[in-house]
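Trainee: I have a model open and would like to learn how to read it. Can we go through it feature by feature?

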Amino acid sequence: MLNPLWIRSAVALADAGSFTRAAAVLDLTQAAVSQHVGQLETRLGPIVIRRARRLEWTPAGLALLDYAREMEAADKRLAARLADTDALLGALDLVTPGSVGLLLYPLLLDLQQAQPGLAIRHRFAPDREVIDAVVSNRSELGIVTAQPEDPRLAATPFLEEPLELIVPVGETVGDWRDLERIGFIDHPDGQAMATRLLSRRFDGNPGVRRLPVHGFSNQVSLILEPVARGLGFTVLPRYARQAFGRASEIQLVDGVAVVDTLWLIHRSEWPLSARAGHVLRHLRDRIGDKG
């Protein structure tokens, strides 16, 4: 690796046009500047030809000056990135569970339209993948449904989201036999969510696994499609139900509530970027407006 002090002397020589002026700019002796150029020429071959009235840079010298400009530009980019003072430029990665993701994604698109310099990359994933993405620095922000215990993560309450029992429009649910008659539309978290909610509403029930399963989908935006078509009921978080486009074809069954706290997570060892802070303020303001 070339000594940065040697490169600095070569750049000053090119800008000043003489060894004397370059030495004055650098507050060095002319002999020191000559020595630095000599060290470069030992490594690279001739870089500058000393004419009577001017200096002529060789191809190796011009390549060295290009390299110096690239290094200077890279230094400026690094300083700007570390300073992180511009909240409206650059990329931000966010990973969330599907239901709250359906709530947040349109709000993130609104922000990008208003601030085109932001590039927000939003991905849906279950809790374990969210935690892994944040811990491994693939994502600056994540949202999970349970507070993590990993000391590398800072976790703060972000939202509350109730679980809901959702049936086709016109259906009535008075007891467990109605659920058996309607049938269950399952999804990756369906058994766990239904067990948590239905065990509180129907005390002493034989268990969700005993219900007839009339369908399954692993796409959160599609789980309510078979419900709307009258094929069964399901249990989902509220934001998934609110994002469904045909609300008139499904029906919420009121009853005992199970409310989950959603946790915002990020690495605890360093502060959030200015971009992340800006995005979070936007989301909290917009979610507050919706509430």
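Mentor: We will take the sheet, then the helices on it, the pocket and a few single residues.

Trainee: What should I know before we start?

Mentor: This is a predicted model: local features need pLDDT of at least 70, side-chain atom pairs count only at pLDDT 80 or more, and totals for chains, interfaces and linings use all residues. Residues are numbered from 1 along each chain as its sequence is written, and side-chain values use heavy atoms, with hydrogens and water left out.

Trainee: How do I read a sheet?

Mentor: Strands of a sheet pair through backbone hydrogen bonds, either parallel or antiparallel. Here a strand (E, at least two residues) and a helix (H or I, at least four) are DSSP runs, numbered from the N terminus. Two strands pair if DSSP finds at least two bridges between them.

Trainee: In what order do the six strands of the open sheet stand?

Mentor: The order is E4-E3-E5-E10-E6-E9, with mixed pairing. Strand E4 (118–124) and E9 are the edges, and each pairs on one side only. Neighbouring strands are turned by 25° against each other on average, direction ignored.

Trainee: How many bridges join E6 to E10?

Mentor: There are 14, and the two strands run antiparallel. Pro168 has Ile250 in E10 as its bridge partner. The partner of Ile166 in E9 is Thr234.

Trainee: Which strands does H6 touch?

Mentor: H6 packs on the sheet and touches strand E3 (90–96), E4, strand E5 (141–144), E6 and E10. Contact means heavy atoms within 4.5 Å. The direction of H6 makes about 155° with that of E5. Axes are lines fitted to C-alpha atoms, for helices over the stretch in contact, and angles run from 0 to 180 degrees between N-to-C directions. H8 lies across E6, E9 and E10, at about 135° to E10.

Trainee: Now the pocket. How is empty space found?

Mentor: Rolling a probe the size of a water molecule over the atoms shows where empty space is left. On a 1 Å grid over the protein atoms alone, a cavity is a set of points where a 1.4 Å probe fits but cannot get out; a pocket is an open set with protein on both sides within 12 Å along at least five of seven lines; lining residues have an atom within 4 Å of a point. Points are joined across faces, edges and corners, and a volume is the space filled by probe spheres set on them.

Trainee: How much space lies in the largest pocket?

Mentor: About 720 Å³. It is lined by 28 residues, and the closest to its centre are Pro97, Gly98, Pro126, Asp189 and Met193. Elements giving two or more residues include helix H6 (127–135), helix H8 (190–201) and strand E10 (250–267). H5 gives the most, with four residues. By class, the lining has 15 nonpolar, seven polar and six charged residues. Ala, Val, Leu, Ile, Met, Phe, Trp, Tyr, Cys and Pro count as nonpolar, Asp, Glu, Lys and Arg as charged, and the others, Gly among them, as polar.

Trainee: Where is Asn137?

Mentor: Asn137 is in the loop between H6 and E5. Its phi is near 65°, again a positive value. At 48% relative accessibility, Asn137 counts as partly exposed.

Notes:
Buried means under 20% relative accessible area, exposed over 50%, partly exposed in between (1.4 Å probe, protein chains only).
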